[in-house]
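Biologist: I want to see how the labels on a model follow from its numbers. Please take me through them one by one.

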Amino acid sequence: MDARGSRASRSGAPALGQHFLSRRLASELVRRARVEPDDLVVEIGAGTGVLTAALAARARAVIAVEVDARLARGLRSTFAGVPVVRVVEADVRSWGLPREPYRVLGNVPFAITTEVLRQLLDDPTSPMSRADLVVQLEVARKRTQDPPRSVRSLVWGPWWTFSVGRRIPARSFRPPPAVDAAMLTIRRRDPPLLPPGELEPFERLLRRLFLTSDRPVVRCLRSVVGSQAGRVASDVGLSHRARSTDLRVIDAVALFRRVRRTLG
């Protein structure tokens, strides 16, 4: 497997999703991410080490995660004399993330972006404080739209905020991908909108509301709170015509709390 999670071709052509940054761009992205001297940074998809080198110049420690064995060997050789860098040959989707406070920065393989996001964000109790990820521009836009218009983005919303940073033209990569990219920045909410223990019931409610996303939320609520559905929606300021795709994070949280009170 190559650095971007897919098998390289025998011709030596870049495999799907394998797009590397220049040193200059890597340094700019690390600077924009405001990496601090006391940060522990997990780098996803370390590849040829351009981001690794920029991070090593700023962070307390860097864990460079790379799935490709050849590239991992190259990283170990390049950073053998750099004590702040530890190279880990692993698939980040199944690798155990640090238990101490950390942040993430990386050039995420486009083909596995959602899986990487789930690995980072599905557990609201994780010690991650922030992630700055190079992703497809459309993915960055999707994750930052308001309202989110998806269950997954709403589920993450009480614990994380999303913003789009620098747009990165396709020509900035070698080889260039078919589409532009952007820096997606994810920050932990402090304080969160819900305690971590509410994750499962919150997600269950959202999934019930999204089963029929073309129907008004108030109609979907009838299967949860019965005849009180209209009152519950009104109490949180939700239009009786609003659909699940109209819900902002703050609406979803307010609705969840009101439903919990109704059910006792």
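Modeller: What follows is a set of labels, each set against its definition.

Modeller: This model is predicted, so local features need pLDDT of at least 70, side-chain atom pairs count only at pLDDT 80 or more, and totals for chains, interfaces and linings use all residues. Residues are numbered from 1 along each chain as its sequence is written, and side-chain values use heavy atoms, with hydrogens and water left out.

Biologist: What makes β6 and β9 a pair?

Modeller: Two strands pair if DSSP finds at least two bridges between them. Strand β6 (residues 128–136) and β9 have 7 bridges, in the antiparallel sense. Arg130 has Arg187 of β9 as its bridge partner.

Biologist: In which sense do β7 and β9 pair?

Modeller: Antiparallel, over 7 bridges, with β7 spanning residues 160–168. Here Arg167 is bridged to Ala182 of β9.

Biologist: Why is His19 called buried?

Modeller: The relative accessible area of His19 is 12%, so the residue falls under the buried cut-off. His19 sits in the segment before β1 (20–21).

Biologist: What lies 2.8 Å from a polar atom of the His19 side chain?

Modeller: The backbone oxygen of Pro175. A polar contact is a pair of N or O atoms within 3.5 Å; within protein, one must be able to donate a hydrogen and the other to accept it, and residues adjacent in sequence count only if both atoms are side-chain atoms. Pro175 itself is in the loop between β8 (173–174) and β9.

Biologist: What kind of peptide bond joins Arg174 and Pro175?

Modeller: A cis bond, with omega about -10 degrees. Asp146 and Pro147 are also joined by a cis bond, with omega about 5 degrees. Pro147 lies in the loop between α5 and α6 (151–156).

Biologist: Why do such bonds get a remark?

Modeller: Because most peptide bonds are trans, and most residues other than glycine have a negative phi. Arg149 has a phi near 65 degrees, a positive value in a residue other than glycine. Arg149 is in the loop between α5 and α6. At 45% relative accessible area, Arg149 is partly exposed. Arg34 has a positive phi too, near 55 degrees. Arg34 counts as exposed, at 63% relative accessibility.

Biologist: Why is the pair of Phe202 and Phe256 called edge-to-face?

Modeller: Rings of Phe, Tyr and Trp (its six-membered ring) pair if their centres lie within 6.5 Å; planes under 30 degrees apart count as stacked, over 60 as edge-to-face and the rest as tilted. The structure holds 3 aromatic pairs. For Phe202 and Phe256, the centres are 5.5 Å apart and the planes are at 80 degrees, so the pair is edge-to-face. Phe202 is in helix α7 (residues 199–210) and Phe256 in helix α10, so the pair links distant parts of the chain, 54 residues apart.

Biologist: Buried or exposed: which are Phe202 and Phe256?

Modeller: Phe202 is buried at 0% relative accessibility. Phe256 is buried at 3%.

Biologist: Why is Glu66 called buried?

Modeller: Its relative accessible area is 1%, so Glu66 counts as buried. Glu66 is in strand β3 (residues 61–66). A polar atom of the Glu66 side chain lies 2.9 Å from the backbone nitrogen of Asp68.

Biologist: Which element supplies the largest share of the lining of the largest pocket?

Modeller: Strand β7, with 3 residues. By class, the lining has 5 nonpolar, 5 polar and 4 charged residues. Ala, Val, Leu, Ile, Met, Phe, Trp, Tyr, Cys and Pro count as nonpolar, Asp, Glu, Lys and Arg as charged, and the others, Gly among them, as polar.

Key
Helices (H or I, at least four residues) and strands (E, at least two) are DSSP runs, numbered from the N terminus. Buried means under 20% relative accessible area, exposed over 50%, partly exposed in between (1.4 Å probe, protein chains only).
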